Amino acid sequence: MEKLVNDQEILLLSGPLKETIWGSNYFKNELKITDNDSIGEMWSCSGYSSFSSIILNGLYKGKTLDEVFKNNKELFANLSGDKFPILIKLIATNDKLSIQVHPDDEYALKNENSLGKFECWLILRKEEGAKLILGNKAKNKEEIKEYINNNHFEDLINEVDVNVGDVYVVNPGTIHGIGKGIILLEIQQSSDITYRFYDYNRLGLDGLPRELHINKALDVVSVGNYKEKVININSSDSNLVANNKYFNSIYLDINGEYEFNNDNEFEIVTSLMDKLIINDNYEVKYGESFIITSKAKKVILKGFGKIIITKANKG
């Protein structure tokens, strides 16, 4: 992503990269943005205080998105709160993630001094046979405890075959996990609270067993199978990706040029094309995000492929 002219209308973002034990060489070999072949996540748009995106251009160049959001609400439609509400990640896996669950806002605020974690997944690529874990086969929490006590946790989970373009809603309380060989876009609340149920007896990057959070996970887990409707953006009549109390996301197919007229809103735009040109000045690559601030009136996007546009809902 280029570092360009002074501008308050567009905020170019540098997304921090996160090394994981299940990470892949996708970010190294295909996106060519690192020499590390164990990167699992790029936080494409993050105002999360300890892992925030950096502004690459204009008046706020070098500042964190977290800082700019707190101090310049006029760029963000005067949205209330002191924390940027949305987190967008590009995730690529070369192994299974842990089997986990997230708390809702009420539990997380009480126990972690944090918001909970609601998220949606858009499947961008998958290897043959790749699966997600969503939901469970238990009838009550006592059954979940029995599976855990008998070390039969993998018999409890519900596995789901995936297709490119599928969108999955992951509500707080849903037992879930991302399988090997998947690249997806995750749109979520700005939170990093995860309770692990099971981690395949693996060691972390520090060589020690990764921490499990059984008691807290049991506190918040929802019993039963995954019940959310799955849409596929490649076969849907609508351009909707997600709409919930936290955010609204749509996709657009750009075939050459698109004129974006803003109405005192702010939007996060994530590119799913190799090269997206903004106002004949800025170049954004695959998986990268930028913000059209509420200072912008008209933005011209040029390229060939899909973009995801996400707006924060006010509740």
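Two strands pair if DSSP finds at least two bridges between them. Strands themselves are DSSP runs (E, at least two residues), numbered from the N terminus. This is a predicted model: local features need pLDDT of at least 70, side-chain atom pairs count only at pLDDT 80 or more, and totals for chains, interfaces and linings use all residues. Residues are numbered from 1 along each chain as its sequence is written, and side-chain values use heavy atoms, with hydrogens and water left out.

Start with strand β16, residues 247–261. β16 runs antiparallel to β21 (residues 298–312), and 15 bridges join the two. Within this pairing, Y258 faces L301 of β21. β16 also pairs with β15 (residues 240–243), again in the antiparallel sense, over three bridges. Here A242 stands opposite S249. Three residues separate β15 from β16, and the two strands form a hairpin.

Move on to strand β17, residues 267–272, which holds V269. V269 is buried (under 20% relative accessible area, with exposed over 50% and partly exposed in between; 1.4 Å probe, protein chains only). Its relative accessible area is 0%. Contact means heavy atoms within 4.5 Å. Beyond residues up to four places away in sequence, V269 touches E288, S289, F290, I292, I307, I308 and I309.

Now the core. A nonpolar core is a set of buried Ala, Val, Leu, Ile, Met, Phe, Trp, Tyr and Cys residues joined through side-chain atoms within 4.5 Å. The largest one has 59 residues. F76, F84, L132, Y168 and I291 have the most contacts inside it. Leaving aside neighbours within four places in sequence, F76 is in contact with residues including F84, F266 and I291.

Conventions:
Helix = DSSP H or I, 4+ residues; strand = E, 2+ residues; numbered from the N terminus.
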